[in-house]
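Dear colleague,

Please find the structure below, together with its sequence. The notes that follow set out what was found in it.

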Amino acid sequence: MSFLVCVCVCVCLCTARAESAGTIPARRIRRLFSFQRHLLSSRLLRGAPQLNPLHILDEDYCGQAKCMLEKVGSWNFDIFLFDRLTNGNSLVFLTFNLLNQYGLIELFQLDMVKLRRFLVLVQEDYHNQNPYHNAVHAADVTQAMHCYLKEPKLAESLTSFDILLGLLAAATHDLDHPGVNQPFLIKTNHYLAALYRNTSVLENHHWRSAVGLLRETELFSNLPAEDSIERQLGSLILATDISRQNEYLSRFRTHLDENDLSLGNASHRHFVLQMALKCADICNPCRPWELSKQWSEKVTEEFFHQGDIEKKHKLEISPLCDSEANTIASVQIGFMTYVVEPLFAEWARFSDTRLSQTMLGHLGLNKASWSAMEPEASGSSEEGDMSTYSVTPNTQNNDL
Ligand SMILES: *[C@@H]1O[C@H](CO)[C@@H](O)[C@H](O)[C@H]1NC(C)=O
Ligand SMILES: *[C@@H]1O[C@H](CO)[C@@H](O)[C@H](O)[C@H]1NC(C)=O
Ligand SMILES: [Zn+2]
């Protein structure tokens with residue numbers, strides 16, 4: 001049954017892609033308003049779908065991708081290869097496969113047509129011109145989330161509802177990301193900054209965009225918990241705001257010190273899901289070097305691109321965004337030292353497993369590799385303080 005489903009999704013996807021290729025202006029306008037996209041009417045208005053002449057080739061891609069999915073829980077999973085094999089549809093294939101594998105489609109009686117439509121729309125709302133914050137990053141975070149959900153402590157306590165939320169939050173957590181950061185949106189008076197009052201501007205937008213797609217596709221309209229899904233999705237996505245890292249980390253640390261996390265308690269499970277999503281979101285430095293390195297290059301490219309825009313418009317260049325003052329290695333070493341290591345050290349304390357040791361192992365090796373390329377930047381350079389990485393406590397924010 002799952003094979004049939006795979007082929008069906010594959011063929012339908014090819015159609016969806018061809019459809020989007022021919023309607024760029026409509027897409028641009030839609031993106032501009034995507035925070036209120038649930039108000040827009042059906043995409044059928046965008047014209048008749050064309051047939052993709054390559055769809056026969058895709059059956060073969062589909063076969064190889066299906067093979068890869070047998071190892072979807074492996075920490076070495078190569079999402080870049082998977083994305084090529086699925087013809088740029090890694091997020092749809094991966095998320096669909098996981099929902100199916102966990103039995104969530106059957107359990108929550110999700111309508112297959114609505115689900116497919118929802119996943120295709122999610123994938124399309126990522127900007128594939130962003131070097132980093134695109135659908136492949138979302139697929140990667142979803143795959144990492146899956147790895148964490150399988151860890152014994154979580155696997156034995158999470159409910160199906162928790163798992164559904166965790167996977168959906170991972171898949172949508174950067175939805176419609178513009179490829180620039182919050183300070184940039186604030187200083188350029190972007191409408192999103194005004195809309196969300198300079199607070200978790202991007203994360204609020206990702207969340208509201210996800211809610212828009214859920215409502216547009218009516219994916220959960222048959223579930224009594226629809227409200228609760230929207231709210232909890234928000235609280236998970238907002239936890240990925242890196243400027244609130246210290247707040248979450250110290251709460252986590254306190255729980256671990258007091259040893260008082262009881263996963264029978266729904267609010268404690270929700271907190272653990274938030275931490276798992278935070279880890280999944282910044283786990284790039286914990287992947288094997290060949291994967292990790294590619295992510296580092298992509299994220300730095302996106303930073304430097306922002307810096308170039310800032311230069312061009314004579315704005316102050318944001319930290320880490322000046323290609324003349326930073327290197328990939330210096331950016332990575334600082335990020336690992338001040339953001340990634342502290343988080344994963346606590347995660348390993350919470351979930352003391354082989355996976356956690358593997359991740360810390362890669363983290364150490366990757367940091368050594370970057371350090372070897374950048375002998376003078378040992379994490380204590382002029383840029384080497386936490387505030388550079390926007391990890392400052394922000395007490396104005398409240399959880400939902
Ligand atoms: C957001 O920040 C900008 C720049 O600091 C400021 O001008 C604006 O008033 C702020 N908006 C809100 C709603 O706080
Ligand atoms: C669950 O944990 C929260 C926060 O620690 C606490 O307020 C609540 O009373 C707990 N619920 C139960 C049923 O123990
Ligand atoms: Zn992200």
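In what follows, a residue is called buried when its relative accessible area is under 20%, exposed when it is over 50%, and partly exposed in between, computed with a 1.4 Å probe and with protein chains only as cover. This is a predicted model, in which local features need pLDDT of at least 70 and side-chain atom pairs count only at pLDDT 80 or more, while totals for chains, interfaces and linings use all residues. Residues are numbered from 1 along each chain as its sequence is written, chains are lettered from A and ligands numbered from 1 in the order in which they are written, and side-chain values use heavy atoms, with hydrogens and water left out.

**Two asparagines in loops**

Helices are DSSP runs of H or I with at least four residues, and strands are runs of E with at least two, numbered from the N terminus. The loop between helix H11 (182–187) and helix H12 (191–195) holds Asn189. Asn189 is exposed, at a relative accessible area of 67%, and has a positive phi of about 55 degrees without being a glycine. Asn259 lies in the loop between helix H15 (245–258) and H16. Asn259 also has a positive phi, of about 50 degrees, although it is not a glycine, and with a relative accessible area of 69% it is exposed.

**Helix H5**

Helix H5 runs over residues 90–101 and has twelve residues. From its first C-alpha to its last it reaches 16 Å, close to the expected 16 Å, where the expected span is 1.5 Å times one less than the number of residues. Nine of the twelve residues of H5 are buried, so the helix counts as mostly covered. Among the buried residues are Leu91, Val92, Phe93, Leu94 and Phe96. Just after H5, Gly103 takes a positive phi of about 75 degrees.

**Arg287**

Is Arg287 buried or exposed? At 0% relative accessibility, Arg287 is buried. It is found in the loop between helix H16 (266–281) and helix H17 (289–312). Leaving out residues up to four places away in sequence, Arg287 is in contact (heavy atoms within 4.5 Å) with Trp75, Asp140, Gln143, Ala144, Ser292, His362 and Asn366. The side chain of Arg287 also reaches the backbone oxygen of Trp75 at 3.1 Å. This is a polar contact, a pair of N or O atoms within 3.5 Å; within protein, one must be able to donate a hydrogen and the other to accept it, and residues adjacent in sequence count only if both atoms are side-chain atoms.

**Cysteines**

With a disulfide taken as a pair of cysteine sulfur atoms within 2.5 Å, the count comes to zero. Cys279 is in no disulfide, and the nearest cysteine sulfur, that of Cys286, is 8.0 Å away. For Cys286, the closest cysteine sulfur is in Cys283, at 6.5 Å, which is too far for a bond. Cys279 is buried, with a relative accessible area of 0%, and Cys286 is likewise buried at 0%.

**Ligand 2**

Which residues are around ligand 2? They are Asn265, Ser267 and His268, where a residue counts if one of its heavy atoms lies within 4 Å. A polar side-chain atom of Asn265 lies 2.3 Å from an oxygen atom of the ligand. For His268, a side-chain N or O atom is 3.0 Å from an oxygen atom of ligand 2, and for Ser267 the corresponding distance is 3.4 Å. The protein covers 24% of the 370 Å² of accessible area that ligand 2 has on its own, by the Shrake-Rupley method with a 1.4 Å probe.

With kind regards
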